[in-house]
Amino acid sequence: MKTPSTALLRTLSPLCRSSALPWTARGCQAAQQQPSAPFSSTTRQRARERGGEKRDMRITLIRYHLQHPLTPRPLRFSRDRALRHWTIHRAHRLHQTRLQADRQATLERQYNSMAAACEALRLVDEHGLTETERTRLGCEREGHGKRGRLYRIAMRKDGVWEGVPIEYSRIQTDSPGREGWNHGWTR
Amino acid sequence: MAIERSARPLARCLRCTRNAHPRAFSASATSRLDTQPTPSESESAARPPPPPSDIPKARRDPNTVSTPAAERQLFRDQKIHPIGSRRRRAAIASTGTIPFSQLPYQCFQEARAFLQEDRKEKVQLVEQQRERIAKLKAKEVAPQDEAHKELRLESMKTRLAELKVMADINDPVVKRKFEDGEGDMTKPIYRYLADKKWRSYKREVLLQRIHQMNIIPDVLPVLDPIVSTKLTFAGKKVQHGDVVSSLTSAKPPTLNTQAYEQGTKLYTIAVVNSDVPNVEKDGYEYRCHFLACNIPLSPTNTLVPFDRLKADQVILPWLPPYAQKGLPYQRMSIIILAQPPVERTENSPSQPLDVAGIKDAGRYAERRNFIMKSFADRFALKPVGVDLFRTVWDEFTADVMRRAGVPGWDVEFKRKRVEPLPYQRKGSERYR
């Protein structure tokens, strides 16, 4: 996780926030504050010189996570500003929709061309000729078993799970498979 | 380019804000400054500036002061701090005259350009779809394919309507106009937006009321409202299902309907009381309080004053609703029924009903026992809208009934006493 920015926190004065601190954080705060001598001006003097006292980063982080709200503040816009925001939002949505549609179209195209290629492989024989090409060229016909060797090879699933943990060898589904456990399985 | 053109006035005014007139911009500032009239552009140009000695102390607008000197002056003279950043104030001072769509914000302008591009595409698609529909209409098909052609035409028209809406739905100006209630209901986009708004809440409430008060099975078996209604009695709004004082409802109401479909159609409006007691039957029956036919309504022609309809439209004039003493509330449902089209084509006019014929036949010209479903079925009417109010016995009801000439204003209904069954002591062997 990325460490959150503490820029917001540093601007917060410890005085105005101390009342909102939960009791668990009060000890931290007490330890962090200097034992104050009422008539001494050293702390203030030092602050003037060096731009504030140094704080422990851990305290800063704890404070950040205790006090920083999870929900961002609501958007409060004037009429025009809200309309401008809406316009930009709509344009962005439209753009995103188009990107998504393009991606979907690309996937479909790829799938279809892959399916067409597989179909072509299935119809092709040892010499790379289909049935129609054979009749056109006047070659003798071959048996059915001779066709589609390349297709069968392409469809083989050997080694696709190599290097993948065995848990993934069945596609993860919501419900268990039809046969619960294959007891006869050996590697 | 649009951005540069629109950005220029801002830059120009940023350069010479000192010379610009302090102008009222926002509503909060005008309230403070409206005592002093602001000189208009032409006026100040025509008149020579007065000598510097008698310039009255100009009141500064905290929203538009943008120079340090002006800020100081504002605080010294008016004891007001300037509002917001100096950059913002300068922008407000300079951009008041720029129309919203040309406001010089880069991201906004680019978004607008993108949306305009998209709109052009959509308009092209609309044209294309229109051409396709015309082509298909002109095409001759075999008689067995007629139904298929009709179906295709139907779906193409749906698509066309969708495209028309999609062309304009991303326009901020359209959105603003609709939110201000200035939408032109002849345009599909505004009708679409209004329909969506109605369906998002008010229609839900209406449906809930008519289901909870059992209008749906009692008056009509099914009803899918597509026309929204607002009921007013002499200018007083009545929520769906509200109880209306009998004095208020003695005068005929005005129904404000809003149809969301294009074109003028003829409608029939009926007001039915479904809780009329019938003592002989020991049950309830119906009474029609108002029935009018052939009312032309369109998205822009919405008002139906029940008392100002023509005589050839009204079958049963308004009878003031009343609930006799001792009765629970009575539901008065106002049903809007669409009259059937003359022929099954697009934009076909509605069939007018024969009012004189209905009156002569007498079956539906009688108030007592008016069965809504039978009426709708007889004339092939389709229920498209509903409104509802209730009436109870109150201190004005007797007067209202007397004035309307309705007998029974002095009758009080009482609940029939249910005699308890006599207690019979069973044989003592049962109590052990």
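Two strands are taken to pair if DSSP finds at least two bridges between them. In the predicted model examined here, an open sheet of four strands in chain B has the order β2-β1-β4-β7, with antiparallel pairing. The edge positions are held by β2 (236-238) and β7 (303-305) of chain B, each of which has a single partner strand, so one side of each is left without a neighbour in the sheet. On average, and with direction ignored, neighbouring strands of this sheet are turned by 30° against each other. Within the sheet, the antiparallel pairing of β4(B) with β7(B) extends over three bridges, and B:Leu255 stands opposite B:Val304 of β7(B).

Further strand pairing in chain B involves β10(B). Strand β9(B) is joined to β10(B) by nine bridges, and the two run antiparallel; B:Leu337 has B:Pro383 of β10(B) opposite. Strand β3 of chain B (residues 242-243) is joined to β10(B) by two bridges, in this case with a parallel course, and B:Val243 stands opposite B:Arg390 of β10(B). Of the ten residues of β10(B), nine are buried, so this strand is largely enclosed by the rest of the structure.

The largest nonpolar core comprises 40 residues, of which B:Ile269, B:Ala270 and B:Ile335 touch the most other members. At least two residues of this core are supplied by each of α9 (188-212), β1 (227-233), β4 (254-259), β5 (265-278), β6 (283-297), β9 (330-338), α12 (372-378) and β10 (382-391) of chain B. The greatest contribution to the core is that of β6(B), with seven residues. When residues up to four places away in sequence are not counted, B:Ile335 touches B:Val219, B:Leu220, B:Ala270, B:Val272, B:Met372, B:Pro383 and B:Val386.

A loop position of chain B was also examined. B:Pro320 is found between β8 (314-316) and β9 of chain B, in the loop that links them. A residue is classed as buried if 20 or more other C-beta atoms lie within 10 Å of its own; B:Pro320 has 20 other C-beta atoms within 10 Å and is therefore buried. Its contacts, again not counting residues up to four places away in sequence, are with B:Ser246, B:Ser249, B:Ala250, B:Val400 and B:Ala404. B:Pro320 and B:Leu247 are 73 residues apart along the chain, while their C-alpha atoms are separated by 8.7 Å.

Chain A contains eight helices and zero strands, and its pattern along the sequence reads α-α-α-α-α-α-α-α. Of the 187 residues in chain A, 4% are buried. Among the contacts of chain A with a separation of 6 or more, 55% are between residues 24 or more positions apart. Helix α6 of chain A (residues 79-123) has 45 residues and reaches 66 Å from its first C-alpha to its last, close to the 66 Å expected at 1.5 Å a residue.

The buried residues of α6(A) are A:Leu83, A:Arg84, A:Thr87, A:Ile88, A:Arg90 and A:Ala91. Their cover includes two helices of chain B, α6 (106-138) and α8 (172-179). The contact between the chains takes ten residues from chain A and 13 residues from chain B. On the side of chain B that touches chain A, the elements giving two or more residues are α6 and α8 of chain B. The largest share of that side, seven residues, comes from α6(B). By class, the side of chain B that touches chain A consists of eight nonpolar, one polar and four charged residues.

In chain A, the loop between α6 and α7 (131-137) contains A:Gly128. A residue counts as exposed if 12 or fewer other C-beta atoms lie within 10 Å of its own; A:Gly128, with 8 C-beta neighbours inside 10 Å, is therefore exposed. The C-alpha atoms of A:Gly128 and A:Arg147 are 9.3 Å apart in space, and the two residues are 19 residues apart in sequence.

Notes: Residues are numbered from 1 along each chain as its sequence is written. Chains are lettered from A and ligands numbered from 1 in the order in which they are written. This is a predicted model: local features need pLDDT of at least 70, side-chain atom pairs count only at pLDDT 80 or more; totals for chains, interfaces and linings use all residues. The expected span of a helix is 1.5 Å times one less than its number of residues. Two residues are in contact if their C-beta atoms, placed from the backbone, lie within 7 Å. Ala, Val, Leu, Ile, Met, Phe, Trp, Tyr, Cys and Pro count as nonpolar, Asp, Glu, Lys and Arg as charged, and the others, Gly among them, as polar. A nonpolar core is a set of buried Ala, Val, Leu, Ile, Met, Phe, Trp, Tyr and Cys residues joined through C-beta atoms within 7 Å. Axes are lines fitted to C-alpha atoms, for helices over the stretch in contact, and angles run from 0 to 180 degrees between N-to-C directions.
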